[in-house]
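Subject: Structure handover

Hello,

Here is the structure I promised. Please open it alongside this note.

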Amino acid sequence: MSDVLDQTRDKPEAAPQRQTDSATAGRPLPLAGVRVLDVSQVMAGPYSCMLLGDLGADVIKIEPPGTGDQTRGAMGFKMKGPDSMGFLNMNRNKRSVAINLKTDAGREVFYELVKSADIIIENYRPGVMKKLKCDYDTVAKFNPRLVYASISGFGQTGPWATRPGFDLMAQAMSGVMSVTGHPGGPPVKAGVPVADIGCGLFATYAVLAAYIGAKNTGQGQYIDASLFEAALAFSVWDISEYWGRGTQPVPLGTANRMTAPYQAVKSKDGYFVMGATSQKLWLQLCETIGRPELAEDPRFKTIPDRLDNREVLIEELEKSFVTRTSDEWVETLLGVGIPAGTMYTYPEAFESEHGRHRQMRIEIDHPNEGKVSNIGFAVKLTGTPQQVRLHPPLLGEHTQDVLKEIGLDAAAVEGFTARGAFS
């Protein structure tokens, strides 16, 4: 190892924060100065790291040279440049460094990055990082305050640990698919990747908690997160029914197993959703639709009664709902305090008056794409609003800048290059 790498150095300054909103002038983003190494691909890991980057962390995406994150070439349709729209939506506010971790030289460079890092998030199959000598036990020797999170399909231990980790498998094996769809129908997965995104969210909360702990104690820790457990964590209502009543949860379509009516119902021109979730709202609904006899029907008197007779209940309600359009019913029900909503497609939701007001579609300047759409920030910090400081990076775009920041001079970089660290 070169003399440069043997030197003991203080942690370098993180990349300058590009404050662009006058409201945050003089007030850094919450994670400014925190360095994250994103050694992950596809969704759960990159999504978690993007959230940290949105909050101001200096996220350095470590990618295999030549190919990079495999999501760069995913989705089956081409943009102007080589990166997919999926990649562009999960990798803003990051810098890309291309390192070949399969080489000794590449690992030496990675260890130098570890010394300056606070958090590592990786999502390779269990055992891969150990084989690469980049696992927690190895790298923690360089940085004992390091918080290191591994994301996998089924966790790092257990009978299923070595299985490939994909959202579909996690949904199936966690039970999510057993309660999704309609009774008696074929298997249906949740329409969005609940295991992937859920795991990304759980990993984010864990690394932030561990980071705070490391700030207080100087000691980092290892975090084991899995898609399987994330999907299981969403089963609150469903497993409560089983543990409380011994009744195995089944698919209910859009209905709810805790109360009724609370689902999509047919109108004159389609469907809308509504929920009379309390006795007060139920009585108000009967009055509003001009069906007072339903309130006195013994099949519908209480919530348990309505749950036991849900199908006939909805049939009765739809006799009234089909007389008017969805928009008319939504306006009427909201007017008397009964929750109701229109069923939108994703484009309609993003372009709705409320979606635009909440800035859930944002535009990012990108060197290949020009203006590229991104999903906006799902929560809003009022004192230090999240910002798009960096476009989704090109593969290896920031390699030289980052190597310079960690103290590698031109000669050292040239030496590592000759030994295959970046190719």
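Predicted model: local features only at pLDDT ≥ 70, side-chain atom pairs only at ≥ 80, totals over all residues.

Residues are numbered from 1 along each chain as its sequence is written, and side-chain values use heavy atoms, leaving out hydrogens and water.

Helix α2 (residues 44–54) packs on helix α8 (residues 194–217) at about 45°, with the axes 8 Å apart. Helices are DSSP runs (H or I, at least four residues), and strands are E runs of at least two, numbered from the N terminus. Axes are lines fitted to C-alpha atoms, for helices over the stretch in contact, and angles run from 0 to 180 degrees between N-to-C directions. The α2 and α8 pair is therefore oblique (under 35 degrees is roughly parallel, over 145 roughly antiparallel, 65 to 115 roughly perpendicular, the rest oblique).

Helix α7 (residues 167–174) also meets α8: their axes come within 7 Å and cross at roughly 95°. So α7 and α8 are roughly perpendicular. D167, A170 and Q171 of α7 touch V194, A195 and D196 of α8 (contact means heavy atoms within 4.5 Å).

The largest pocket holds about 1,200 Å³. A pocket is an open set of points on a 1 Å grid over the protein atoms alone, where a 1.4 Å probe fits, with protein on both sides within 12 Å along at least five of seven lines; lining residues have an atom within 4 Å of a point. The volume is the space filled by probe spheres set on the points, which are joined across faces, edges and corners. Of 38 lining residues, Y47, N89, I197, F350 and I375 are closest to the centre.

Best wishes
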